[in-house]
Amino acid sequence: AENVIFLDDYCKNDCRPLDKSAFSNAIDAVGGEILSRLISQVERHGVIACCGNVNSHILNTTVFPFILRGITLKGIDSAESPIEIKKELWNLLSNSWSLDLSKQTKTVGIADIGSEIDKILQGGQVGRVVIKHGD
């Protein structure tokens, strides 16, 4: 990624049915308002891969981006994909696509979750946090 767009900045204006193009393509793991905004801002013939709904399963959009820009919204079919495809992808992720995240990973005890959540809510969290349960 070349830029980080913070949620408060991205969602400060009303979502329009068709907005100025800002992205050639996108991967969305959030759903809801973020996906609605992405759809309105993807360039002509762009593709959005939708792989989550952590914000919401509700999608508020119009047909304009699809019929005026020819964009494609593509789902990932995580539930019904054949096990062979899943095995192949997990193998790639654990081998040739593997990333060393050790420098971006912090392990905390369950008692320290509150301060980590505060960092996330303030936009100050970098990397990932693993919560250690038990001993």
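This briefing walks through the core, the surface, the salt bridges and the cysteines of one structure. Keep in mind that the model is predicted. Its largest nonpolar core has nine residues, and helix H2 supplies four of them, the largest share. There are four salt bridges in the structure, but a search of the whole structure turns up zero disulfides.

- Helix H2 runs over residues 32–41.
- Nine of its 10 residues are buried, so H2 is largely enclosed by the rest of the structure.
- The buried ones are Gly32, Ile34, Leu35, Ser36, Arg37, Leu38, Ile39, Ser40 and Gln41.
- What do they pack against? Their partners are H1, E1, E2, helix H3 (64–68) and strand E3 (72–75).

**The largest nonpolar core**

- The core is made up of Tyr10, Ala26, Ile34, Leu35, Leu38, Ile39, Val42, Ile48 and Ile71.
- Ile48 is a handy landmark here: this residue sits in strand E2, which covers residues 47–50.
- With a relative accessible area of 0%, Ile48 counts as buried.
- Setting aside residues up to four places away in sequence, Ile48 touches Ala26, Asp28, Leu35, Leu38, Ile39, Val42, Ile71, Thr72, Leu73 and Lys74.
- One of those contacts, Thr72, is 24 residues from Ile48 in sequence, yet their C-alpha atoms are 6.2 Å apart in space.
- Val42 is another core member. Again not counting residues up to four places away in sequence, Val42 touches Ser21, Phe23, Ser24, Val47, Ile48, Arg69 and Ile71.

- Take Trp90, which belongs to helix H4 (residues 83–94).
- Is Trp90 buried or exposed? Trp90 is exposed, and its relative accessible area is 61%.

- Asp19 is buried, with 18% relative accessible area.
- If you skip neighbours within four places in sequence, Asp19 is in contact with Ser40, Gln41 and Arg69.
- Asp19 and Glu43 are 24 residues apart along the chain, and 9.8 Å separates their C-alpha atoms.
- Asp19 also forms a salt bridge with Arg16, where the closest N and O atoms are 4.0 Å apart.
- Arg16 counts as partly exposed, at 47% relative accessibility.

- Glu33 and Arg37 are four residues apart in helix H2, which means about one helical turn separates them.
- Glu33 is partly exposed at 38% relative accessibility, while Arg37 is buried with a relative accessible area of 5%.
- Glu116 forms a salt bridge with Lys106, with the closest N and O atoms 2.8 Å apart.
- That pair links distant parts of the chain, 10 residues apart: Glu116 is in helix H5 (residues 113–121) and Lys106 is in strand E4 (residues 105–109).
- Glu116 counts as buried at 7% relative accessibility, whereas Lys106 counts as partly exposed at 33%.
- Which residues are linked in a network of salt bridges? Lys106, Glu116 and Lys119 are.

- Cys51 is partly exposed, with a relative accessible area of 36%.

Conventions
Residues numbered from 1 in each chain as written. Predicted model: local features only at pLDDT ≥ 70, side-chain atom pairs only at ≥ 80, totals over all residues. Heavy atoms only, no water. Disulfide = S-S within 2.5 Å. Buried < 20%, exposed > 50% of the residue type's maximum accessible area, 1.4 Å probe, protein only. Core = buried A, V, L, I, M, F, W, Y, C linked by side-chain atoms within 4.5 Å. Helix = DSSP H or I, 4+ residues; strand = E, 2+ residues; numbered from the N terminus. Contact = heavy atoms within 4.5 Å. Salt bridge = Lys/Arg side-chain N within 4 Å of Asp/Glu carboxyl O.
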